[in-house]
Amino acid sequence: MEGVKKLILKLHEVEAVKFGEFQLKSGLFSPIYFDLRIIVSYSELLREVSRLLYERAEEAEAKFDCVCGVPYTALPLATIICANHNHPMLIRRKEAKDYGTKQMIEGIIKAGDVCLIIEDVVTSGSSVLETARLLEKEGLKVKDAVVLLDREQGGRDTLEAEGITLHPVFTISTLLDVLLDAGRIDPATRRSVKTFIEENQTFTKPPGNSSPEAKRRKCE
């Protein structure tokens, strides 16, 4: 936990975590913003995030044959993990090329292999789910996803409904508590962020106990 606290403080220090008023892609205005793309400019920080992501996968006892990072921020993280621990890596494209193989997934694909997904931030879980579906289209299986930060807005539940277990290094609640204890934010800021999170949940419980897809995955 000490390593996580130090990481959170460092992320705040380099402004990968910002407080204020930020317009999101959805059009909503958020009191907090995460710009984790900037960690690629800090080699030591990039290595530390990669280390903690891999440790989280080990703690969760996730079983996998290969690794795929969600583009773009998670790509260098997945690369470091695979290089350090000798795991095969797959690359998911944002869009297929209009020439050559036109593949969405690059790398050596072995149908039936289990692929671990790496992501930086999860809000609704849509990016992880989109990546999982592309991998599954190639005959791979996805059971686990490791993420640096879970914004606690419903992504974990959305992925769980699809048979994917999310393993965050830390949640937004933990981040707020660490920054508050360190005097980096005040109680009012913490409350405003918590209120925003509570009022902007993304998960809608599906009818019935679980989807056929989720049931199929859990039986595998």
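Student: Where is His167 found?
Tutor: In strand S8, residues 165-171. Keep in mind that this is a predicted model.

Student: Is His167 buried or exposed?
Tutor: His167 counts as buried, because its relative accessibility is 8% and the cut-off for buried is under 20%.

Student: Which side chain does the His167 side chain join in a polar contact?
Tutor: That of Asp144. The polar contact is 2.7 Å.

Student: What else does His167 touch, not counting residues up to four places away in sequence?
Tutor: Besides Asp144, His167 touches Arg56, Ala60, Ala145, Val146 and Val147.

Student: OK, S8. Where does it sit in the sheet order?
Tutor: The order is S5-S4-S3-S6-S7-S8. That makes 6 strands in an open sheet, with mixed pairing. S8 is an edge strand, and S5 is the other. Each of these two pairs on one side only.

Student: Take the S5 end. How do S4 and S5 run, parallel or antiparallel?
Tutor: S4 and S5 run antiparallel, joined by 2 bridges.

Student: Which residue stands opposite Ile105 in S5?
Tutor: Arg92 does.

Student: And Arg93, where does that lie?
Tutor: Arg93 is in the loop between strand S4 (89-92) and strand S5 (105-106).

Student: Buried, exposed or partly exposed?
Tutor: Arg93 is partly exposed, because its relative accessible area is 26%.

Student: What is Arg93 in contact with, leaving aside neighbours within four places in sequence?
Tutor: Gln103, Met104 and Glu106. With Glu106 there is also a polar contact, side chain to side chain, at 2.9 Å.

Student: How far apart are Arg93 and Thr171?
Tutor: They are 27 Å apart in space, C-alpha to C-alpha. In sequence, Arg93 and Thr171 are 78 residues apart.

Student: How does the lining divide into nonpolar, polar and charged?
Tutor: The lining of the largest pocket has 12 nonpolar residues, 10 polar and 7 charged.

Definitions and conventions
Residues are numbered from 1 along each chain as its sequence is written. This is a predicted model: local features need pLDDT of at least 70, side-chain atom pairs count only at pLDDT 80 or more; totals for chains, interfaces and linings use all residues. Side-chain values use heavy atoms; hydrogens and water are left out. Ala, Val, Leu, Ile, Met, Phe, Trp, Tyr, Cys and Pro count as nonpolar, Asp, Glu, Lys and Arg as charged, and the others, Gly among them, as polar. Helices (H or I, at least four residues) and strands (E, at least two) are DSSP runs, numbered from the N terminus. Buried means under 20% relative accessible area, exposed over 50%, partly exposed in between (1.4 Å probe, protein chains only). Contact means heavy atoms within 4.5 Å. A polar contact is a pair of N or O atoms within 3.5 Å; within protein, one must be able to donate a hydrogen and the other to accept it, and residues adjacent in sequence count only if both atoms are side-chain atoms. Two strands pair if DSSP finds at least two bridges between them.
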